[in-house]
Amino acid sequence: GRQAFRPPMLDDQALRRDREALATFGETRRKDSDFSEQAGFDIESWSLTDDWQLLDQSSSGLRLSRPLKEGLRIGVGQLVAVKLAGSSNFVLGTVRWALQSPAGESAAMLATGIELYPGLAQPMAVRGGDPGTREGFRQGLRLPAVTALSVPETLIVPYGTYRVGRPVEVMTQGKPEKFKLDHVLDRTQEFERCTFTAL
């Protein structure tokens with residue numbers, strides 16, 4: 001466009017949110033309607049996908065493999081979305097283990113085990129509702145209860161959010177709700193999966 005490039009100027013809080021989103025979800029997704037105007041450029045819409053070979057599958061998990069040198073970085077405790085061939089929906093899960101094939105083999109392979117969370121995840125915004133504090137909303141996910149498997153409804157919140165009995169405010173499709181966090185079912189360096197009750 002024959003215009004000098006100007007890097008976007010973000011305040012400290014916006015940069016902190018971007019770092020948290022990058023650490024939790026592996027990407028920053030700006031949804032501000034006026035961000036492109038403020039920054040002086042349009043935002044691309046793209047997603048990252050990685051193809052794996054399915055080695056084994058059960059109702060609660062997968063064992064996958066791919067060449068070591070191909071694809072995105074993956075680590076234990078990472079939150080992932082998996083779409084199996086023939087399926088129309090992504091299923092949420094977490095990486096439980098990763099293993100590199102022995103060095104003597106001709107093509108180095110990476111195998112991983114993924115624990116799947118039942119139900120379709122719904123995006124949400126969440127913030128702490130502690131009295132006297134006003135936090136900003138952060139990205140989270142809500143998983144439905146699956147009675148056939150005795151799995152309660154859970155919230156996936158950024159790491160450091162959980163505290164027993166902590167009140168949180170959740171915004172799902174523009175509708176605010178208030179909950180109290182009860183128990184943590186999973187905790188990694190990226191996220192915490194918690195049970196909750198309505199306030």
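How many of the residues of the chain count as buried? Of its 199 residues, 32% do, where buried means under 20% relative accessible area, exposed over 50% and partly exposed in between (1.4 Å probe, protein chains only).

## About the model

This is a predicted model, in which local features need pLDDT of at least 70 and side-chain atom pairs count only at pLDDT 80 or more, while totals for chains, interfaces and linings use all residues. Residues are numbered from 1 along each chain as its sequence is written, and side-chain values use heavy atoms, with hydrogens and water left out.

## The chain as a whole

The chain has two helices and eleven strands, and its pattern along the sequence reads α-α-β-β-β-β-β-β-β-β-β-β-β. Helices (H or I, at least four residues) and strands (E, at least two) are DSSP runs, numbered from the N terminus.

Among contacts with a separation of 6 or more, 46% come from residues 24 or more positions apart; contact means heavy atoms within 4.5 Å.

## Strand E7 and its partners

Let's turn to E7. This strand spans residues 138–143, and five of its six residues are buried. Strand E6 (residues 122–128) runs antiparallel to E7 and is joined to it by five bridges; two strands pair if DSSP finds at least two bridges between them. Here proline 123 stands opposite leucine 141.

E7 also runs antiparallel to strand E8 (residues 154–158), with three bridges. Leucine 143 has threonine 154 in E8 as its bridge partner.

## The largest nonpolar core

Eleven residues form the largest nonpolar core, among them Met124, Val126, Leu155, Phe179 and Phe196. Such a core is a set of buried Ala, Val, Leu, Ile, Met, Phe, Trp, Tyr and Cys residues joined through side-chain atoms within 4.5 Å. E6, E8, E9 (167–172), E10 (175–187) and E11 (191–198) each give two or more residues to this core.

Not counting residues up to four places away in sequence, methionine 124 touches residues including Leu141, Leu155, Val157 and Val170.

## Arginine 66

Arginine 66 sits in strand E2 (residues 61–67), and counts as buried because its relative accessibility is 4%. Beyond its neighbours within four places in sequence, its contacts include Asp50, Asp51, Trp52 and Leu72. A polar atom of the arginine 66 side chain lies 2.5 Å from the backbone oxygen of leucine 72.

Conventions. Polar contact = N/O pair within 3.5 Å; in protein donor to acceptor, adjacent residues only side chain to side chain.
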